[in-house]
Amino acid sequence: MKAVLPTLIAAILLTACQREEQREIVAVSGRMFVFNYRVATATYLVTLQPTAPITEGSSIEASFENPRGGEAFAISERLFPKSPKITLQSPPVECVKEGRPYKVAIRLRAPDGHVMQTIDTTITSDTDQSLLPAKPLVVGPLYTPNPEVFRGDGSMDMGSVKGCPTD
């Protein structure tokens, strides 16, 4: 009996440690590409719902696959414990293809820097970015038509971003 008790305690402690590492603190509540035709940009948008208390001083990191190729886009943000949701948005991206899944990796970090939760997911667009103009349709705070798109001679340049991979 004496030999069983320490083994049982060790098993309980190991199980508690494993649960702590695998504990879900946030859950993905939404993910999509946002195409803003007015300013000719496309961005990743991921929303997370806290499922457990978030410690003051925690942070979140996300890396978004670069649809053009090359190095992923990375962001890092401080988290606020009382926020009802977390919104992660990438910098503008180019060359998003309809139907292709793009990788997103999210790391939730404790105030001391250790990773509390990892989420690896994908986002698939239902629209091809070639439908988005390469240049903003408007400029300035008054939504003035962009003269590079809407030319003085009445012609328009509604061309899409050039040089995208053809995979």
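## Disulfide

This predicted model contains one disulfide. Cys95 and Cys164 form it, with their sulfur atoms 2.0 Å apart. The torsion about the S-S bond is about -80 degrees, so the disulfide is left-handed. The link joins distant parts of the chain, 69 residues apart. Cys95 sits in the loop between β5 and β6 (101–109), and Cys164 in the segment after β9 (144–145).

Are the two cysteines buried or exposed? Cys95 has 4% relative accessibility and, being under the 20% cut-off, counts as buried. Cys164 is partly exposed, with a relative accessible area of 22%.

## Surroundings of Cys95

Which residues does Cys95 touch, leaving aside those up to four places away in sequence? The contacts are Pro67, Arg68, Tyr102, Gln129, Val161, Cys164 and Pro165. For Pro67, the C-alpha to C-alpha distance from Cys95 is 5.5 Å, while the two are 28 residues apart in sequence.

## Three-stranded sheet

Three strands make an open sheet in the order β1-β2-β5, with antiparallel pairing. Its edge strands are β1 (26–36) and β5 (86–89), each pairing on one side only. Neighbouring strands are turned by 20 degrees against each other on average, direction ignored.

Strand β2 (residues 41–50) runs antiparallel to β5, and four bridges join them. Here Leu48 stands opposite Ile86 in β5.

## Four-stranded sheet

A further open sheet has four strands in the order β4-β3-β6-β7, and its pairing is antiparallel. β4 (73–78) and β7 are the edge strands; each pairs on one side only. The twist averages 15 degrees from one strand to the next.

Nine bridges join β6 to β7, and these two strands run antiparallel.

## Nonpolar core

The largest nonpolar core holds 28 residues. Within it, Leu48, Leu88 and Ile106 touch the most other members. At least two core residues come from each of β1, β2, β3 (59–64), β5, β6 and β7 (115–124). In soluble globular proteins, nonpolar side chains tend to be buried together.

What does Ile106 touch, not counting residues up to four places away in sequence? The contacts of Ile106 include Val46, Leu48, Ile60, Ala62, Leu88 and Ile119. Glu61, Gln117 and Thr118 are also among them.

## Salt bridges

The whole structure has seven salt bridges. In one, the side chains of Glu61 and Arg109 meet at 2.9 Å, N to O. Glu61 lies in strand β3 and Arg109 in strand β6, so the pair ties together parts that are 48 residues apart in sequence. Glu61 is partly exposed at 26% relative accessibility. Arg109 is partly exposed too, at 24%. Glu65 forms a salt bridge with Arg100, and their closest N and O atoms are 2.9 Å apart. This pair connects the loop between β3 and β4, where Glu65 lies, to the loop between β5 and β6, which holds Arg100; the two parts are 35 residues apart in sequence. Arg100 counts as partly exposed at 24% relative accessibility.

Lys135 and Asp157 meet through their side chains in a salt bridge of 3.1 Å, N to O. Lys135 lies in the loop between β7 and β8 (138–139) and Asp157 in the segment after β9, so the pair ties together parts 22 residues apart in sequence. Lys135 is partly exposed at 27% relative accessibility, and Asp157 is partly exposed at 23%. Salt bridges with shared partners join Lys135, Arg151 and Asp157 into one network.

How values were computed: Residues numbered from 1 in each chain as written. Predicted model: local features only at pLDDT ≥ 70, side-chain atom pairs only at ≥ 80, totals over all residues. Heavy atoms only, no water. Pairing = 2+ DSSP bridges. Axes fitted to C-alpha atoms, helices over the stretch in contact; angles between N-to-C directions. Disulfide = S-S within 2.5 Å. Buried < 20%, exposed > 50% of the residue type's maximum accessible area, 1.4 Å probe, protein only. Core = buried A, V, L, I, M, F, W, Y, C linked by side-chain atoms within 4.5 Å. Contact = heavy atoms within 4.5 Å. Salt bridge = Lys/Arg side-chain N within 4 Å of Asp/Glu carboxyl O.
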